[in-house]
Amino acid sequence: MKVITIVLCGVILNSCAAFSRINMFTIDDERRLGRDIAIEIERTVQISSRADSISAYVDSLGIAIVNRCNLSKYQFIFKVIESDDVNAFAIPAGGIYINKG
């Protein structure tokens, strides 16, 4: 669980820093782009059930970290990918994916 915590903190903090920079997209543009990317990702990978203990842990930890970033205009969504690889990434408008690893 320590690896998940460290990876999740890094992804969210990097997202927080990226959102604070000048952005050429409107929030609505980001949401549309993020939605389109999420659809494509979720067509190609298996997402863990929300009832899965790791997914629940990632979701609760992610929400706690996001609350400290004060990014209320974004709706962060945390999803765990069923994969043995260690990886995590963020997409526009708050989609954050973490491999189960």
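Helix 2 (27-44), strand 1 (77-81) and strand 3 (95-99) each give at least two residues to the lining of the largest pocket. Keep in mind that this is a predicted model, where local features need pLDDT of at least 70 and side-chain atom pairs count only at pLDDT 80 or more, while totals for chains, interfaces and linings use all residues. Residues are numbered from 1 along each chain, and side-chain values use heavy atoms, leaving out hydrogens and water.

**The pocket**
- The largest pocket holds about 270 Å³ of space.
- A pocket here is an open set of points on a 1 Å grid where a 1.4 Å probe fits, with protein on both sides within 12 Å along at least five of seven lines; lining residues have an atom within 4 Å of a point.

**The cores**
- The largest nonpolar core has 11 residues, including Ile54, Tyr74, Phe76 and Ile98.
- In such a core, buried Ala, Val, Leu, Ile, Met, Phe, Trp, Tyr and Cys residues are joined through side-chain atoms within 4.5 Å; buried means under 20% relative accessible area and exposed over 50%, with a 1.4 Å probe and protein chains only.
- Helix 3 gives the largest share of this core, 3 residues.
- Another core, of 5 residues, lies apart from it, with Ala38 and Ile91 among them.

**Helix 3 (53-69)**
- The buried residues of helix 3 are Ile54, Ser55, Val58, Leu61, Gly62, Ile65 and Val66.
- They cover an arc of only 140° around the axis (going by directions from the axis to the C-beta atoms), so they sit on the same side of helix 3.
- The face turned away from that buried side carries the exposed Ser53, Asn67 and Arg68.

Notes
Grid points are joined across faces, edges and corners, and a volume is the space filled by probe spheres set on the points. Helices (H or I, at least four residues) and strands (E, at least two) are DSSP runs, numbered from the N terminus.
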